[in-house]
Amino acid sequence: MLKGYIPPYNATVVQKLLDQGAVLLGKTNLDEFAMGSGSTDGIFGPVRNPWSYSKQYREKRKQSHHRADEDSNWLITGGSSGGSAAAVSAFTCFAALGSDTGGSTRNPAALCGLVGLKPTYGLVSRYGLIPLVNSMDVPGILTRCVDDAAIVLGVLAGHDPKDSTTTQDPVGPFILPILRDVSKLCIGIPKEYNVPELSSEMQAFWSKAADLFASKGAKVVEVSLPHTSYSIVCYHVLCTAEVASNMARFDGLEYGHRCNVNVSTEAMYAATRREGFNDVVRGRILSGNFFLLRENYDDYFVKAQKVRRLIANDFVKVFNSGVDVLLTPTTLSDAVPYLEFIKEDNRTRSAQDDIFTQSVNMAGLPAVNVPMALSSQGLPVGLQLIGRAFSDQQLLTVAKWFEEQVQFPVIQLQELVDNCPTFSQHEKLGLVSLKR
Amino acid sequence: MAAPILRCARPGRCWSLDYRPRRSRALFAEPVPGRVRGQSSAAAQEPRPGAHEWAAVVGLEIHAQISSNSKLFSGSQVTFLAPPNSLVSFFDASLPGTLPVLNRRCVEAAVMTGLALNCTVNKKSLFDRKHYFYADLPAGYQITQQRLPIAVNGSLTYSLGVGAQWSPSATKTVRIKQIQLEQDSGKSLHDDTRSQTLIDLNRAEGQLRVDANVSVHHPGEPLGVRTEVKNLNSIRFLAKAIDYEIQRQIEELQNGGKILNETRAFDEKLGCTVSMRDKEGKQDYRFMPEPNLPPLILYDAESLPVAADPQQVVNIDWIRERLPELPSVTRGRLVEQYGILPEHSFVLLNEDGLLEFFQTVMKETRAEPKKVIGWILTIFLGYLKQRNLAVSESPLSPSSLAELLNLLDSKVISLPAAKQVFEELWQNQGKTPGQIIREKKLELLQNQEELEEICQAVLAKHPQQVMAVKNGNQKVVNKLIGIVRRATGGRADPGRIKQILEKQLQ
């Protein structure tokens, strides 16, 4: 739909980075209109996880008697901001921006071994972010370490007059102290997040992380978020409804793709939208419009908003009971191969993969994925920390402590570079060192 | 597009808010359904013997564009007669990623309107999206206030006129159901020869558009099915359309037909309403809260937070204190101050700039207000209307008119001469009344002897008429006056001529 469209203005977050001297290296791939959890449904094709080519992964594959250099079984990055995650993970840039509506930044961060930050809703301007769900979207930040994420957040956070949903209160600074004593910290473990679909390996890592906090003196308590089981359907209703509304502007008239039909305005709209949107997007638009029909509005949309309030209140209650930060998995498992991922449709996958992440968007809270360790396959596994609204700085402080504790390994791509015929020896030497 | 719009609507007694095709919204009944029969503009239909009386119920949905420098949600300017698509911001063109930002001045205007119409101003109001696809609506939805508008439950008292007479005692009150802020659309121009439609996203046509909802019923019975007549943009057509529609519905029902709940358009040439039946049937606008605009919170003196930045808040009480004098108060004051008739005060206020013109003239003239009003409302306004000019475009300045009226008042010139001078002033803007009078020799002939001489001469020339008068035919005197006047070149006061002639005819 937006093929060939070059926006005539910069998003506030982009402009703020440029104003601070950032160099824009490029634009990255994603699921179309940020709908998806694999970064496999973009018009430019699917995104490949750099870890597919890492020494760590390949060695494990060899060990389990798979052909180490097979290229066809590459892994997904997760999504929908997979392109940005791949770019940071492969050391092509210092940081990348994504978006996060149901987990689109944290999910690929987990699968690519990155810090993926979803700031509090209203902390960072959405002006220039093509909206998916206006009441849940935030710009996401992807970096290789927590301090980098804090630097970027420090540049981006703050009121924007162009975005009426940004906070008017002063924010920051986001300089992170080094946490030495976690004994005053209370970590909450939501019991409803222990779902059957969670891989046992992930479960083990989650436990290990909880134990880590406890062993260093933090208080670790089990908490309850009772309405968790309703969050997927609630999210589905609200998300599709807003999508149907936000996509209404894509008619080919003012910008973007326009079809050749000119029999009538209506025919032109219909053909343009059929051609310009993929199945996923069209499916969501149809669902959303259904929920917004007058006869359905109260039963679906209003009901979902009420459930949303209940979900948000679950978090408030937990934080009011003395918990500082919640610790949960980010994804069900480590990255899966593309060929396996596409066996299920986009909607099914999204529903499955968003389970740990999307309640956070509904509640507008800040959350961050911190890479923890490598799985038995040699692939990144991350955990999610969730804080109360506008406590982004505290959240990142805890994240930084955790990062320091776990010492997540650097991706080893040197072999790939060495073996790659397209780079000259000179270029290989000139590549950024892969050591932190 | 996205020019601000205020919508006033009057409440219906038992209609629910319905979703309608394009820009319509419903509503409203007069609290006292007027007995309506025999409209002045349509042929009166005499009810069949034994048939009940009919009562009509009319509700108006009024779209008025707010006078502001920029649009309701975007920073683009609002200027009239700008080239097409020259006042379109990224937001107006619905570029992805753009967001609405509420215009403070528009909020203040809405509050002012609400206060002027005795509404309750809602301290919290909400914005919604109303979805439909149309080429002049780039985002595919319009931002409006459907759930909780900015002001509700107001009233407007007005006087009824029958023909040219205004009867101050026949005052009525109409309910204002609500006032809501709403985004304007663009403008479509249909080019039938090339089978295309051209879109201008500056703003929609017309400063004022009205949709009229009409139904009829027998008093005591439930309200009838209503129709909606859309996009009327003059008071005259509004009245005609309503009258026609009432009549049409009465006839239809009396002939055993049914009224369909539909949208109609008014054909100005034929003077009738025509059905605009939509092929797809009823529209569902899929209303949804506008997620990019937080609830609009207004404050008053009591609720205003102590540390509030005055730039960031709208204070209802502050606005109330600064409301200009309302028209009904002004009219009352004018009647009292100048002794003019109430109907005059209406005209003065309803014509832009006319009141100021009148008041300036009054300051500079000795003439009686009643005389001044006559000149302003009949002659001056007549000239303007004939040439389709606004008061601001008048070639005649109030000072000139004042001077002219002074000269008339001190009997330097006669009334006919004054009218001539007026015409001259209109054509030649550089001259003063005094100059024109001197040039054209329009001064009244004051000299009694001279006048008597002329009269005598005329009488001498017209012996038959003299005989007729002496025989008792008084009408002939007027003829003689006319002749004398012509003889003086219009420079003699008819009253004086009459005096002299009568004396001479004795």
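Colleague: Where does A:Pro173 lie in chain A?
Modeller: The model is a predicted one. In it, A:Pro173 belongs to the loop that runs between helix 5 (146–156) and strand 4 (186–190) of chain A.

Colleague: What kind of peptide bond joins A:Gly172 and A:Pro173?
Modeller: That bond is cis, with omega about 0°. Another cis peptide bond links A:Gly79 to A:Ser80, where omega is about 10°. A:Ser80 is in the loop between helix 2 (55–63) and helix 3 (82–89) of chain A. Such bonds deserve mention because most peptide bonds are trans.

Colleague: What is noted about the phi of B:Asn388?
Modeller: B:Asn388 is not a glycine, and yet its phi is positive, at about 55°. Most residues other than glycine have a negative phi. B:Asn388 is placed in the loop between helix 7 (369–386) and helix 8 (398–409) of chain B.

Colleague: Why is B:Asn388 called exposed?
Modeller: Its relative accessible area is 70%, and the term requires over 50%. B:Asn388 is therefore exposed.

Colleague: What makes strand 2 of chain B mostly covered?
Modeller: Of the 11 residues in strand 2 (residues 55–65), 9 are buried, a term that needs under 20% relative accessible area.

Colleague: How do you know that strand 2 of chain B and strand 11 of chain B pair?
Modeller: Pairing requires at least two bridges, and these strands share 10 in the antiparallel sense. They are therefore called paired. Within this pairing, B:His63 stands opposite B:Arg209 of strand 11.

Colleague: How many residues of each chain does the contact between chain B and chain A take?
Modeller: Chain B gives 32 residues and chain A gives 41. The area buried between the two chains is about 3,000 Å², with carbon and sulfur atoms giving 57% of it. On the side of chain B, B:Pro96, B:Leu99 and B:Arg286 lose the most area to chain A, together 19% of what that side buries.

Colleague: How many salt bridges does the rule find across the interface of chain B and chain A?
Modeller: The rule, which asks for a Lys or Arg side-chain nitrogen within 4 Å of an Asp or Glu carboxyl oxygen, finds 0. Polar contact, however, is counted for 17 residue pairs between chain B and chain A, both residues being at pLDDT 80 or more.

Terms used:
Residues are numbered from 1 along each chain as its sequence is written. Chains are lettered from A and ligands numbered from 1 in the order in which they are written. Side-chain values use heavy atoms; hydrogens and water are left out. Helices (H or I, at least four residues) and strands (E, at least two) are DSSP runs, numbered from the N terminus. Buried means under 20% relative accessible area, exposed over 50%, partly exposed in between (1.4 Å probe, protein chains only). Contact means heavy atoms within 4.5 Å. Buried area is the accessible area (1.4 Å probe) that two parts lose on being put together, summed over both. A polar contact is a pair of N or O atoms within 3.5 Å; within protein, one must be able to donate a hydrogen and the other to accept it, and residues adjacent in sequence count only if both atoms are side-chain atoms.
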